[in-house]
Amino acid sequence: MFTFMLVILAIVGGKRLEVINFLTPAWFATAIIALGLCGFLIKLTSWKLFNKII
């Protein structure tokens with residue numbers, strides 16, 4: 001859905017929207033991996049700090 005909206009925006013915007021060329025699938029994949037890693041690290045540290053049952 002997002003890709004479809006991006007294509008329509010590019011068609012409507014024309015030359016003014018050439019700045020969005022950096023939004024590639026690899027960029028989105030990297031962003032998803034980075035957000036997932038940050039979420040995992042936050043959950044891991046909260047589990048280690050607040051779960052004192054050993």
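Which residues form a nonpolar patch on the surface? They are Met 1, Phe 4, Met 5, Val 7, Ile 8, Ile 11 and Val 12. Together they have about 800 Å² of accessible area. The model is predicted. Its protein chain has 54 residues, of which 4% count as buried.

**Overall make-up**
- The secondary structure of the protein chain comes to two helices and zero strands.
- Helix α1 covers residues 2-13, and helix α2 covers residues 25-50.

**The nonpolar patch**
- Val 12 is one of the patch residues, and its place is in helix α1.
- The relative accessible area of Val 12 is 63%. Val 12 therefore counts as exposed, because the cut-off for that class is over 50%.

**The aromatic pair**
- A pair of aromatic rings is described by the distance of the centres and the angle of the planes.
- One aromatic pair turns up in a search of the whole structure. Its members are Trp 27 and Phe 28.
- The ring centres of Trp 27 and Phe 28 lie 5.2 Å apart, with 85° between the planes.
- This pair is edge-to-face, because that class takes planes over 60 degrees apart.

**Surroundings of the pair**
- Trp 27 is partly exposed, at 41% relative accessibility.
- Phe 28 is also partly exposed, with a relative accessible area of 27%.
- Both values fall between the 20% and 50% limits, so neither residue counts as buried.
- Phe 28 sits in helix α2.
- Leaving aside neighbours within four places in sequence, Phe 28 is in contact with Phe 2 and Leu 23.

Methods: Residues are numbered from 1 along each chain as its sequence is written. This is a predicted model: local features need pLDDT of at least 70, side-chain atom pairs count only at pLDDT 80 or more; totals for chains, interfaces and linings use all residues. Side-chain values use heavy atoms; hydrogens and water are left out. Patches are made of residues with over 30% relative accessible area and no salt bridge: like charges are joined within 9 Å, nonpolar side chains (Val, Leu, Ile, Met, Phe, Trp, Tyr) within 5 Å. Accessible areas come from the Shrake-Rupley method with a 1.4 Å probe; for residues, only the protein chains shown count as cover. A salt bridge is a side-chain nitrogen of Lys or Arg within 4 Å of a carboxyl oxygen of Asp or Glu. Helices (H or I, at least four residues) and strands (E, at least two) are DSSP runs, numbered from the N terminus. Buried means under 20% relative accessible area, exposed over 50%, partly exposed in between (1.4 Å probe, protein chains only). Rings of Phe, Tyr and Trp (its six-membered ring) pair if their centres lie within 6.5 Å; planes under 30 degrees apart count as stacked, over 60 as edge-to-face and the rest as tilted. Contact means heavy atoms within 4.5 Å.
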